[in-house]
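Please read these notes beside the model.

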Amino acid sequence: MTQHAAAPSRYERLIQGREYDPYGVLGPHREGNAWLVRVFLPNAQHVWLEAASGLEAFAREGAGGLFSCRLASEPPRAYRLRIDSGGAVHTARDAYAFRVHPDAADLYLFNQGTLLEAYRA
């Protein structure tokens, strides 16, 4: 009888660099009536989101560098993160805050190989 190991979760694949859709894990996601923001910062000790109401603290999810923050309202489109990397605190934008949403026509043309200037989509 052969024992099969359980398939790694999306978080494990992300930490291992094998997740095919990091946008599905990282950045802002609506969960019920709230928003959940996840970031992957393996060298960070603490992370905060700069919001209009002040700083919102992230909670560490395990030891891999994944942090999450639950918000009552949608975060600003280009939110900033305050990152403490063991004494050095700096501010950065979250690359996963900028979602890419090509429309159905662009997806069709892309899949056909006929989408000219795809960088504009």
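The numbered points below go from model confidence to the sheet and then to a single side chain.

1. This is a predicted model, in which local features need pLDDT of at least 70, side-chain atom pairs count only at pLDDT 80 or more, and totals for chains, interfaces and linings use all residues. Residues are numbered from 1 along each chain as its sequence is written, and side-chain values use heavy atoms, with hydrogens and water left out.

2. The chain has a mean pLDDT of 86, and 89% of its residues reach 70 or more (pLDDT is the predictor's confidence in each residue, from 0 to 100). Confidence is highest in strand S7 (residues 80–84), at 96, and lowest in helix H2 (residues 104–112), at a mean of 84. Helices (H or I, at least four residues) and strands (E, at least two) are DSSP runs, numbered from the N terminus.

3. Four strands form an open sheet in the order S1-S2-S6-S5, with antiparallel pairing (two strands pair if DSSP finds at least two bridges between them). S1 and strand S5 (59–61) are the edge strands, each pairing on one side only.

4. Within the sheet, strand S2 (residues 34–40) and strand S6 (residues 66–71) run antiparallel and are joined by six bridges. Leu-36 stands opposite Arg-70 in S6.

5. Is His-29 buried or exposed? His-29, found in strand S1 (residues 27–31), is buried, with a relative accessible area of 18% (buried means under 20%, exposed over 50%, partly exposed in between, with a 1.4 Å probe and protein chains only).

6. The His-29 side chain reaches the backbone oxygen of Tyr-23 at 3.2 Å.

Notes: A polar contact is a pair of N or O atoms within 3.5 Å; within protein, one must be able to donate a hydrogen and the other to accept it, and residues adjacent in sequence count only if both atoms are side-chain atoms.
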